[in-house]
Amino acid sequence: MKQRNLLFLVLISFLMGCGTTVNVDYDKQTNFSKLNSFTLLPSPELKTGDERLDSPLVDQRVRQAILATLKARGYQQVESNADFAVAYQLGVRKEIDSSRASMTVGVGTYGRRSAVGMTYGHPGYVESYERGILTIDVLKGSDKRLVWRGSSGRRLYDGRTPEKSEKEINAVVKEILDKFPPGKKK
């Protein structure tokens, strides 16, 4: 029973470590509770240099995800006199992933018998890859002053289907906007 509980705790710890990080910054002087209506600013010029992101289809999916998420949270989209404006931008960052050699030792019992097992993982690998970064900005006032920014990203893969792309975009937008407004209880 103790071994099962230990295995469960190790599994939960591993899964928690697999989550993505959302970076957020905001103006502490802004009263976010007074923001009720929004407008979505025109699409940014697509210029990441990566054809997986520089696409009108990706732009359409990001815009739809932002609109749907904000509307589901009770914000009203208006054409003029909005309390805040929303803009987004896409970027690409090169990253490196690596692993090292590992060794694991396990001990187990079954009835009156016991056993010891050991495994060794071969030397690790080093791999470079690209991460697509989505940044969502909340701007306030006639001067479109930045009051909130959230960003997160995902590893970019080749060969995504439109359905997988839409699912990933929806997930990233939701993760980011889950942090808006700051201090909001879930």
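This is a predicted model: local features need pLDDT of at least 70, side-chain atom pairs count only at pLDDT 80 or more; totals for chains, interfaces and linings use all residues.
Is V107 buried or exposed? Residues are numbered from 1 along each chain as its sequence is written, and side-chain values use heavy atoms, with hydrogens and water left out.

**Figure 1. The whole protein, with three helices and eight strands.** Helices (H or I, at least four residues) and strands (E, at least two) are DSSP runs, numbered from the N terminus. Walk along the sequence and you get α-β-β-α-β-β-β-β-β-β-α. Of the 186 residues, 30% are buried, where buried means under 20% relative accessible area, exposed over 50%, and partly exposed in between (1.4 Å probe, protein chains only). The accessible surface is about 13200 Å², with 53% of that belonging to carbon and sulfur atoms; areas come from the Shrake-Rupley method with a 1.4 Å probe, and for residues only the protein chains shown count as cover. Take the contacts (heavy atoms within 4.5 Å) between residues at least 6 apart in sequence: 71% of them join residues at least 24 apart.

**Figure 2. The aromatic cluster of Y26, F32, F38, Y75, F84, W148 and F180.** Rings of Phe, Tyr and Trp (its six-membered ring) pair if their centres lie within 6.5 Å; planes under 30 degrees apart count as stacked, over 60 as edge-to-face and the rest as tilted. That rule gives seven aromatic pairs. One of them is F38 with F84, stacked at 5.9 Å centre to centre with 25° between the planes. F38 sits in strand β2 and F84 in strand β4, so this pair ties together parts that are 46 residues apart in sequence. Both F38 and F84 are buried. W148 is buried at 0% relative accessibility, and F180 is buried at 1%.

**Figure 3. T30 in the loop between β1 (23-26) and β2 (37-40).**

**Figure 4. A nonpolar surface patch made by V105, V107, V116 and M118.** The patch covers about 440 Å². Patches are made of residues with over 30% relative accessible area and no salt bridge, with like charges joined within 9 Å and nonpolar side chains (Val, Leu, Ile, Met, Phe, Trp, Tyr) within 5 Å. A salt bridge here is a side-chain nitrogen of Lys or Arg within 4 Å of a carboxyl oxygen of Asp or Glu. Strands β5 (102-110) and β6 (113-121) each supply at least two of the patch residues. V107 lies in β5, and it counts as exposed because its relative accessibility is 60%.

**Figure 5. V92 in strand β4 (residues 84-98).** V92 is partly exposed, at 33% relative accessibility. Not counting residues up to four places away in sequence, V92 touches T48, D50, L53, E130, R131 and L156.
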